[in-house]
Amino acid sequence: MVKFGRHLQFFLENDHKGSDLYIVDYNQIRDEHIPNSNKSEQEQKANSEEKIFIEQWNAALNRATVDFQRAMNKNWSTVFDGISKSNPIESRGALPDDAFRFYIQS
């Protein structure tokens, strides 16, 4: 790839004055469309650490979500098993608050 950046910058700052030529700013296009093309090593490292944190956070969130779903399924299984044994007719199609009330009463 040919690097026109400095030449174009010089032209825009000096020779382009008063000209109606359209100049393509390759550096701006590169910076807008190619990630990390103009970032320092320190910025790239920070972005890498941020990406690692985000990946670990999402993994932890997924594990917590799975654990929460397991606990909720166990909770509702316990509640509905309990009320279906003591009140089989009333427990059918019971809403959550009714199910808890029946479970507490049984």
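The legends below describe views of a predicted model of one protein chain.

**View 1. Overall chain, with five helices and zero strands.** Helices (H or I, at least four residues) and strands (E, at least two) are DSSP runs numbered from the N terminus, and the elements follow one another as α-α-α-α-α. Of the 106 residues, 10% count as buried, that is, under 20% relative accessible area with a 1.4 Å probe and protein chains only. The accessible surface, from the Shrake-Rupley method with a 1.4 Å probe, comes to about 9400 Å², of which 55% belongs to carbon and sulfur atoms.

**View 2. The largest nonpolar core.** Val 79, Ile 83, Ala 94, Ala 99 and Phe 102 make up this core, where the term denotes a set of buried Ala, Val, Leu, Ile, Met, Phe, Trp, Tyr and Cys residues joined through side-chain atoms within 4.5 Å. Helix H3 (41-86) and helix H5 (96-105) each supply at least two of its residues.

**View 3. Packing of H3 against H5.** The two helices pack at an angle of about 60 degrees with their axes 9 Å apart, the axes being lines fitted to C-alpha atoms over the stretch in contact and the angles running from 0 to 180 degrees between N-to-C directions. Contact (heavy atoms within 4.5 Å) involves, among others, Trp 76, Val 79 and Ile 83 of H3 and Pro 96, Ala 99 and Phe 102 of H5.

Residues are numbered from 1 along each chain as its sequence is written. Local features need pLDDT of at least 70 and side-chain atom pairs count only at pLDDT 80 or more, whereas totals for chains, interfaces and linings use all residues, and side-chain values use heavy atoms, with hydrogens and water left out.

Notes
Buried means under 20% relative accessible area, exposed over 50%, partly exposed in between (1.4 Å probe, protein chains only).
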